[in-house]
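This briefing concerns a predicted model. Please read the points below alongside the sequence and the structure.

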Amino acid sequence: MVFIRSFLPYFRSRSPEKLSKTKLLFIIDGVLINAALVLTSGVFLSGYMIYLGGSDFVVGLLNNSLSWASIAALFSFLIYERMENRKTFLLVMLVLSRSLVCATIFVPLIFGLNQTSLYLVTAMVIIGNVIWGIYSIGSSVWMMSSFTQESRNAFIFQRMFWLRISFTLFTITMGYVLDWFGKAYTGFALVFLVSLALSLGDAVVLSKISEPVHKIAAKAHFTAAAFFEPLACRKYRLFMLFIFLFYASLTLSSSFTPLYLVRYLHFDYKFISLINVISYLFMIVCTRIWSRFESRIGLVRVFKLTGLFAIIEFLIYGFLTKDTYYLLYFAPIFAGIGNSGFNVFVVNYRYSLMPEENRTVYEGWYGAAYGLSMLVGPALGSVIMSHLPVVENQIFQHSMFQLMYIISFFLAAGTLLLAFNDHEPAAGQTSQPVLRNRT
């Protein structure tokens with residue numbers, strides 16, 4: 001009951017849009033598409049690549065491909081800022097992206113389990129996720145423009161609540177499905193086909209939502225100055241540098257987490273899914289708690305505190321082995337508690353630095369910085385792991401992975417503690433958070 005009561009305020013909208021069709025449809029959109037994305041990324045995609053015989057590097061690289069493929073979104077403003085009506089284009093991009101990724105499940109049926117299938121699946125996933133990166137920029141602007149600034153906050157928390165419920169249900173259900181079919185092809189086929197059905201359902205839902213008009217100047221002229229405007233803003237430039245360093249530090253090891261859990265520790269998918277569910281639940285419960293702390297001690301201080309909570313997960317993974325599997329129950333607790341506030345900070349701070357116009361360019365640069373960190377992380381992590389000492393004892397049974405988690409923890413902690421020391425917003429002084437269609 002405490003859990004339910006903590007979110008009741010977000011179901012009592014303060015605006016006339018309380019029960020609007022647009023609001024309801026965007027919530028359904030969040031439920032459908034985020035569930036679909038979860039089923040073709042992270043542990044599910046990594047498990048499929050392991051089934052196809054992918055190397056450790058390929059599995060680690062594709063684990064975050066949904067994120068690093070967003071680098072391509074840097075130039076998406078060249079498309080969107082020339083379009084007054086974007087809805088049809090966005091729907092085509094959505095269907096094309098999700099169909100490409102989900103259709104990878106048919107490749108082994110045609111070419112068999114061999115290198116050809118592995119290369120083709122890798123290419124389809126990357127291309128599909130690049131298209132998704134471009135789509136997500138436009139869809140975020142579409143959603144933001146559909147609500148007033150006053151009503152947006154309550155709506156976003158409502159949407160966040162329901163899409164995390166969706167994460168939870170589909171993650172745990174599909175984890176059981178994979179184990180039921182013995183981690184064989186049939187299980188992965190069901191997971192990817194469910195994802196495809198959810199994606200197509202989302203396209204239908206979005207087709208029912210009216211799109212705000214985007215006024216484009218008759219003689220729109222895009223200059224180099226407009227493209228590099230985000231880099232000219234010192235605070236935004238430093239923010240993107242922090243994003244790159246922080247997430248690159250974490251993905252040195254986190255890119256290989258599904259690989260480590262499935263291939264090396266031989267954990268069941270239902271067990272891994274349960275761990276993810278624990279994290280989601282703590283993210284849901286703790287969101288409002290951190291919002292109260294923010295009003296008392298300020299946004300930046302809360303951001304650093306939540307970030308430190310979140311990266312404790314990596315320190316715990318540094319001591320995780322087959323014999324210490326119980327540690328895996330504690331890691332998602334810290335991750336959920338920390339990320340529930342940290343993710344809100346990242347969005348709030350980002351949008352507080354953006355001007356009302358030219359947001360597509362700012363979002364593109366942010367996506368590029370974030371995506372580049374997700375690409376550099378696993379590539380650099382693979383190189384570092386190959387040079388780490390091999391230690392075999394009761395504490396370090398897979399020393400390359402475990403030492404990498406510890407390195408990630410200390411690098412991320414250093415980046416976090418050194419960031420934003422020159423700017424501390426007044427307590428409670430934030431912009432409205434906006435949740436993007438990302439897991």
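**Nonpolar core**
- The largest nonpolar core has 123 residues, and F239, F242, F246, Y247 and F420 touch the most other members.
- Helix α9 (residues 115-145) supplies the largest share of this core, 13 residues.
- Once neighbours within four places in sequence are set aside, F242 is in contact with F303, F342, T415, L416, A419 and F420.

**Packing of α7 and α11**
- Helix α7 (residues 87-102) packs with helix α11 (residues 185-207) at an angle of about 175°, their axes being 9 Å apart, which makes α7 roughly antiparallel to α11.
- On the α7 side the contact includes L91, L94, V95 and R98, while residues of α11 that take part include F192, L196, L200 and D202.
- The residues of this contact of α7 with α11 divide into 10 nonpolar, 4 polar and 3 charged.

**Aromatic pairs**
- The count of aromatic pairs comes to 30, and among them Y247 and Y370 form an edge-to-face pair, 5.1 Å centre to centre with 80° between the planes.
- Because Y247 lies in helix α14 (residues 234-254) and Y370 in helix α19 (residues 359-387), the pair ties together parts that are 123 residues apart in sequence; both Y247 and Y370 are buried.
- F314 and Y405 form a tilted pair, 6.5 Å centre to centre with 50° between the planes, and since F314 lies in helix α17 and Y405 in helix α20, the pair ties together parts that are 91 residues apart in sequence.
- F314 is buried, with a relative accessible area of 8%, and Y405 is buried, with a relative accessible area of 1%.
- One aromatic cluster includes F239, F242, F246, Y247 and Y370.

Notes
Residues numbered from 1 in each chain as written. Predicted model: local features only at pLDDT ≥ 70, side-chain atom pairs only at ≥ 80, totals over all residues. Heavy atoms only, no water. Core = buried A, V, L, I, M, F, W, Y, C linked by side-chain atoms within 4.5 Å. Buried < 20%, exposed > 50% of the residue type's maximum accessible area, 1.4 Å probe, protein only. Helix = DSSP H or I, 4+ residues; strand = E, 2+ residues; numbered from the N terminus. Contact = heavy atoms within 4.5 Å. Axes fitted to C-alpha atoms, helices over the stretch in contact; angles between N-to-C directions. Parallel < 35°, antiparallel > 145°, perpendicular 65-115°, else oblique. Nonpolar A, V, L, I, M, F, W, Y, C, P; charged D, E, K, R; others polar. Phe/Tyr/Trp six-rings, centres within 6.5 Å; stacked < 30°, edge-to-face > 60°.
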